[in-house]
Amino acid sequence: MSDPASHAHEVAPRNTLVNLTTQPGKARRRWGQPFNLPIQDWRGKRVWLVGASSGIGLACAQALQAAGAQVVISARELGALSDWSRQSDAQGKTLELFPLDVTDGLQVKNVTRQVLANGTIDMLLYCAGHYRAQRATEFDLPDMLRHQEVNYNGMLRVLAEVLPVLLQQGFGHISLVSSVAGWRGLPNGLAYGPTKAAMTNLAETLYMDLQDRGIGVSLISPGFVATPLTAQNNFQMPALLSPEQAAHAMLKGWAEGAFDIHFPKRFTLWLKIMRLLPYRLYFAVVRRFTGL
């Protein structure tokens with residue numbers, strides 16, 4: 001069994017942005033540099049995707065494997081991946097599959113040990129998510145808590161197991177799939193939006209805490225993507241992307257060393273502007289364009 005810590009002194013330099021300071025384990029960043037070390041060559045890199053049985057996660061896993069990465073997938077339902085796994089084996093590519101329910105803390109611990117037993121982790125991509133439209137007039141506490149358990153608490157459980165390992169090995173990257181729904185309050189986002197807002201805040205803090213420790217952090221904020229989750233929406237979704245287009249945007253963001261990876265720009269840039277509006281104007285604009 002490979003011990004990640006035993007290789008830390010050998011591989012840590014590959015994720016160092018600049019020259020090390022006199023303080024061990026810390027790096028000095030210069031103004032204007034990429035937020036993270038750009039990842040342009042995925043060959044030999046091992047990526048653990050949590051929540052990748054469909055949608056954005058699955059498309060990203062397939063794109064990463066095509067780019068040469070060693071892909072590890074964990075999700076509650078892995079049955080749909082059996083055909084892809086067999087095809088990968090036939091092509092001489094390893095696709096590691098581990099069933100995982102992120103709401104089960106003990107299971108998260110056990111699966112993390114299994115993943116680490118097969119090698120180090122170069123990137124953790126958390127894309128597990130739960131979404132159901134909800135408004136305050138139909139407040140559903142169990143579903144509110146379900147969103148929190150999967151979207152946020154599940155992420156914390158995984159980070160609690162993986163982050164110490166990344167700190168010990170001295171390299172790696174954490175990427176969290178959030179949503180533009182977390183930027184400001186939106187109709188029908190009563191349960192979903194707050195969990196993504198919390199994830200966004202956490203990613204910002206993780207970046208500031210880890211930028212000088214050789215560990216990259218990126219935040220993925222998609223607009224509307226055609227997935228099983230968004231299929232339940234009963235309204236026309238502007239600038240709708242396919243999961244494959246979303247995956248392409250994510251790999252492009254990692255290649256540029258970005259922290260804030262949001263797409264499609266023709267939609268998300270308008271939402272960025274709306275984040276700056278005072279409440280009176282923001283509420284009026286949202287009501288006008290949503291009709292709610």
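Threonine 112 is placed in helix α4 (residues 105-117), where helices (H or I, at least four residues) and strands (E, at least two) are DSSP runs numbered from the N terminus. The structure is a predicted model, in which local features need pLDDT of at least 70 and side-chain atom pairs count only at pLDDT 80 or more, while totals for chains, interfaces and linings use all residues. Residues are numbered from 1 along each chain as its sequence is written, and side-chain values use heavy atoms, with hydrogens and water left out.

With a relative accessibility of 2%, threonine 112 counts as buried; buried means under 20% relative accessible area, exposed over 50%, and partly exposed in between (1.4 Å probe, protein chains only). Its side chain reaches the backbone oxygen of valine 108 at 2.7 Å. This is a polar contact, that is, a pair of N or O atoms within 3.5 Å; within protein, one must be able to donate a hydrogen and the other to accept it, and residues adjacent in sequence count only if both atoms are side-chain atoms. An α-helix has 3.6 residues a turn, so residues three or four places apart point the same way. Not counting residues up to four places away in sequence, threonine 112 touches Trp48, Glu161 and Val162, contact being heavy atoms within 4.5 Å.

Helix α3 (residues 82-90) holds serine 85. This serine 85 also counts as buried, because its relative accessibility is 13%. Beyond the residues up to four places away in sequence, serine 85 touches Leu95 and Leu97.

Attention now turns to helix α5. Its 29 residues (141-169) should span 42 Å at 1.5 Å a residue, and the end C-alpha atoms are 41 Å apart, which agrees; the expected span is 1.5 Å times one less than the number of residues. A bend of about 40° in α5 falls at glutamate 149, the bend being the angle between axes fitted to the seven residues ending there and the seven starting there. At the N-terminal end, aspartate 140 caps α5 with a side-chain oxygen 3.2 Å from the backbone nitrogen of aspartate 143. Just after α5 comes glycine 170, with a positive phi of about 85°. Asparagine 188 likewise has a positive phi, of about 70°, although it is not a glycine. The loop between β5 (172-177) and α6 is the place of asparagine 188, and at 22% relative accessibility this residue counts as partly exposed.

Rings of Phe, Tyr and Trp (its six-membered ring) pair if their centres lie within 6.5 Å, and planes under 30 degrees apart count as stacked, over 60 as edge-to-face and the rest as tilted. By this rule there are seven aromatic pairs. One of them is the tilted pair of phenylalanine 35 and phenylalanine 259, 6.5 Å centre to centre with 45° between the planes. This pair links distant parts of the chain, 224 residues apart: phenylalanine 35 is in the loop between α1 (8-11) and β1 (46-50), and phenylalanine 259 is in the loop between α7 (243-255) and β7. Phenylalanine 35 counts as partly exposed at 46% relative accessibility, whereas phenylalanine 259 counts as buried at 11%. The rings of tyrosine 207 and phenylalanine 259 have centres 5.4 Å apart and planes at 55°, so this pair is tilted. Here too distant parts of the chain are linked, since tyrosine 207 lies in helix α6 (residues 192-210), 52 residues from phenylalanine 259.

Arginine 184 lies over the face of tyrosine 282, at 4.0 Å from the ring centre, and lysine 272 lies over the face of tryptophan 183, at 4.7 Å.

Finally, phenylalanine 263 belongs to strand β7 (residues 260-263) and counts as buried at 4% relative accessibility. Its contacts outside four places in sequence include Ile220, Leu241 and Met250. Phenylalanine 263 and valine 180 are 83 residues apart in sequence and 9.1 Å apart in space, C-alpha to C-alpha. A cis peptide bond, with omega about -5°, joins phenylalanine 263 to proline 264, which is found in the loop between β7 and α8 (265-274).

How values were computed:
Lys NZ or Arg CZ within 6 Å of the ring centre and 35° of its normal.
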